[in-house]
Amino acid sequence: MLKVVSYVICPFVQRITGLLEAKGVPYDIEYISLKDKPKWFLDIAPNAQVPLLITEDSIPLSESDAIAEYLDDEFPLLRPEINKSACRARQRAWVYQGTKLYLKQCSHMQSGNQQIFEERQEFMRKQFAKVESFLKGHTNTQYFCADILGNIDMAWLPLFHRAALVQKYSGTKLFEGFPLLQIWADNIMATGIAEKTVHDSFEDSFVNFYLSEKTYLGSGNTTKDCDCCGSSSSCCG
Ligand SMILES: N[C@@H](CCC(=O)N[C@@H](CS)C(=O)NCC(=O)O)C(=O)O
């Protein structure tokens with residue numbers, strides 16, 4: 001069976017477990033500590049990052065884009081009809097728009113005070129406006145331009161899951177002012193896939209990391225100084 005090497009709150013891993021769930025491919029999952037990476041992992045992961053996918057033939061694959069491509073090569077495509085040149089290229093571009101926001105969303109949620117939060121929000125909102133404008137031309141579908149799940153939906157799933165938890169615990173609506181984006185997010189969350197793609201401890205770990213007293217979101221929106229939101233390239237501690 002395939003094995004995914006994971007870290008509990010990693011959005012890049014969640015994109016991959018989302019694809020596996022949406023495709024109905026069974027997999028094992030092993031969680032590791034990123035602060036104390038095991039030697040066996042360092043020996044086979046050239047980038048020393050999760051996700052790492054170990055194939056049935058014991059071949060270790062890293063980088064979520066490469067893993068997603070492998071899953072499309074090996075298992076049924078989610079939307080075979082769009083797997084043709086221009087359509088596929090367009091979907092990939094929107095996938096990229098989503099995945100490049102993972103670390104930005106992490107930094108946004110980790111902001112330690114209102115000023116930093118709003119600065120980062122400004123950047124996020126510019127990206128959301130692009131999606132909103134695209135969705136205006138495609139309003140009659142449940143998901144992104146279709147009524148069946150596609151790679152693009154799973155690429156945005158981690159962003160939607162995190163936004164839903166932020167709203168649940170802090171009341172802050174990260175997609176405020178973007179009604180079509182919010183509907184897309186709600187429809188993806190309504191599939192129930194998000195919960196299947198993460199460990200049972202995900203919600204607690206997420207809240208402890210992003211909505212603690214150290215963050216603007218977690219501190220009841222009072223101003224706090226925070227040393228957790230510097231220029232870290234990783235969102236997972
Ligand atoms: N470009 C990588 C990014 C993966 C990534 O940033 N993973 C983080 C966890 S969310 C990680 O493993 N960080 C540990 C480290 O960089 O040492 C991908 O797309 O797979």
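Is Trp-184 buried or exposed? In this predicted model, Trp-184 counts as buried, because its relative accessibility is 2% and the cut-off for burial is under 20%.

By the rule applied here, the count of aromatic pairs comes to 16. One of them joins Trp-94 and Phe-144, whose ring centres are 5.8 Å apart and whose planes are 50° from each other, a tilted arrangement. The two partners come from distant parts of the chain, 50 residues apart: Trp-94 sits in helix H4 (residues 85–99), while Phe-144 belongs to the loop between helix H6 (114–136) and H7. Trp-94 is buried, with a relative accessibility of 14%, and Phe-144 is buried too, at 5%.

Phe-144 also has Trp-184 as a partner, and this brings the account back to the opening residue. The pair of Phe-144 and Trp-184 is again tilted, with 4.9 Å from centre to centre and 50° between the planes. Trp-184 is part of helix H8 (residues 179–190) and Phe-144 is in the loop between H6 and H7, so their pairing ties together parts of the chain that are 40 residues apart in sequence. Trp-94, Phe-144 and Trp-184 are among the members of one aromatic cluster, which also takes in Phe-128, Phe-134, Trp-156, Phe-160, Phe-175 and Phe-178.

Attention can now turn to how two helices meet. Helix H7 (residues 151–170) packs with helix H10 (residues 202–210) at an angle of about 70°, and their axes are 11 Å apart. That angle makes H7 roughly perpendicular to H10, because angles of 65 to 115 degrees fall in that class. The crossing of the two helices is right-handed. On the H7 side, the contact is made by His-161, Arg-162, Leu-165, Val-166, Lys-168 and Tyr-169, and on the H10 side by Phe-202, Glu-203, Phe-206 and Val-207.

A last stop is His-108, which is found in helix H5 (residues 102–110). Its relative accessibility is 3%, so His-108 counts as buried. Which residues does His-108 contact, leaving aside its neighbours within four places in sequence? They are Phe-117, Arg-120, Gln-121, Met-124 and Leu-174. Of these partners, Phe-117, Arg-120, Gln-121 and Met-124 carry numbers that fall within the span of helix H6 (114–136).

Definitions and conventions
Residues are numbered from 1 along each chain as its sequence is written. This is a predicted model: local features need pLDDT of at least 70, side-chain atom pairs count only at pLDDT 80 or more; totals for chains, interfaces and linings use all residues. Side-chain values use heavy atoms; hydrogens and water are left out. Axes are lines fitted to C-alpha atoms, for helices over the stretch in contact, and angles run from 0 to 180 degrees between N-to-C directions. Helices (H or I, at least four residues) and strands (E, at least two) are DSSP runs, numbered from the N terminus. Angles under 35 degrees count as roughly parallel, over 145 as roughly antiparallel, 65 to 115 as roughly perpendicular and the rest as oblique. A crossing is left-handed if the near helix is turned anticlockwise from the far one by less than a right angle, and right-handed if clockwise. Contact means heavy atoms within 4.5 Å. Rings of Phe, Tyr and Trp (its six-membered ring) pair if their centres lie within 6.5 Å; planes under 30 degrees apart count as stacked, over 60 as edge-to-face and the rest as tilted. Buried means under 20% relative accessible area, exposed over 50%, partly exposed in between (1.4 Å probe, protein chains only).
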